[in-house]
Structure formats: C-alpha cells, structure tokens
Amino acid sequence: MADKLNVKIELNGAGIRELLKSEEIVSELESVANGIAEEAGNCEVETGHNYPERARVSIRQNSTSRDMEENTLLKAVHFQ
C-alpha cells in the first residue's frame with residue numbers, strides 16, 4: 001500500500017489577482033467564449049476589466065423562442 005503524502009500549498013493573493021487579469025488568461029477566456037457563442041448562435045461576447053481583482057468575459061444571447069425552447073446556449077457550453 002502506498003504511503004499518503006500530505007502537501008500544503010499557500011497561494012499568494014496578489015499573484016493570483018495578477019494572473020486572473022493577465023492577457024494570457026483573458027485571451028483564453030475570449031477564445032472559449034467565442035467558441036460557445038459561435039456554437040449557440042445569436043450571441044455577443046463582451047470583455048470588461050471593471051472588476052479590480054479579475055477580468056470579465058461574458059456571453060450575451062439575443063434570445064428567441066427557439067433559443068429558450070432548445071436551450072442553445074446551455075448546449076453550446078457543454079459543447080466546449
């Protein structure tokens with residue numbers, strides 16, 4: 001039987017905030033959001049930096065009755 005290994009990790013809060021606002025993270029989030037929006041159709045991707053601790057990437061769907069009945073945005077998220 002293998003011995004258990006206990007590891008304690010302490011995160012640097014300022015470093016995490018910097019990472020969450022980095023261009024690399026924002027670029028990756030935009031890429032995923034654009035894929036979801038393209039798959040769902042009838043969507044817009046917005047990027048904002050209005051939070052001091054992180055960047056924001058959101059998908060806004062211009063809903064139609066088809067979108068609401070078929071859950072197109074939800075299905076597109078599972079597609080990614």
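Where is the place of Asn-71? Asn-71 sits in the loop between helix 3 (65–70) and helix 4, where helices (H or I, at least four residues) and strands (E, at least two) are DSSP runs numbered from the N terminus. The structure is a predicted model, in which local features need pLDDT of at least 70 and side-chain atom pairs count only at pLDDT 80 or more, while totals for chains, interfaces and linings use all residues. Residues are numbered from 1 along each chain as its sequence is written, and side-chain values use heavy atoms, with hydrogens and water left out.

With a relative accessible area of 39%, Asn-71 is partly exposed; buried means under 20% relative accessible area, exposed over 50%, and partly exposed in between (1.4 Å probe, protein chains only). Asn-42 also has a positive phi, near 60 degrees, and belongs to the loop between helix 2 and strand 1 (43–51). Asn-42 is partly exposed because its relative accessible area is 39%.

The largest nonpolar core is built from 5 residues, namely Ile-36, Ala-37, Ala-40, Cys-43 and Ala-76. Helix 2 (residues 23–40) supplies the largest share of this core, 3 residues. Such a core is a set of buried Ala, Val, Leu, Ile, Met, Phe, Trp, Tyr and Cys residues joined through side-chain atoms within 4.5 Å. In soluble globular proteins, nonpolar side chains tend to be buried together. Leaving aside neighbours within four places in sequence, Ala-37 is in contact (heavy atoms within 4.5 Å) with Cys-43, Val-45 and Ile-59.

Not counting residues up to four places away in sequence, Thr-72 touches Ala-40, Gln-61, Arg-66 and Asp-67. His-78 also lies in helix 4 (residues 72–79), but counts as exposed at 65% relative accessibility. The C-alpha atoms of His-78 and Ile-36 are separated by 8.7 Å, with the two residues 42 apart along the chain.

Ser-22 is buried, with a relative accessible area of 15%, and its side chain reaches the backbone oxygen of Leu-19 at 2.8 Å. Leu-19 also takes part in a nonpolar surface patch of about 740 Å², together with Leu-5, Val-7, Ile-9, Leu-11, Ile-16 and Leu-20. Patches are made of residues with over 30% relative accessible area and no salt bridge; like charges are joined within 9 Å, and nonpolar side chains (Val, Leu, Ile, Met, Phe, Trp, Tyr) within 5 Å. The areas come from the Shrake-Rupley method with a 1.4 Å probe, and for residues only the protein chains shown count as cover.

Finally, the structure holds 1 salt bridge, defined as a side-chain nitrogen of Lys or Arg within 4 Å of a carboxyl oxygen of Asp or Glu. The side chains that meet here belong to Glu-46 and Arg-60 (3.1 Å, N to O). The pair links distant parts of the chain, with Glu-46 in strand 1 and Arg-60 in strand 2 (residues 54–61), 14 residues apart. Glu-46 is partly exposed at a relative accessible area of 23%, and Arg-60 is partly exposed at 47%.

Definitions and conventions
Polar contact = N/O pair within 3.5 Å; in protein donor to acceptor, adjacent residues only side chain to side chain.
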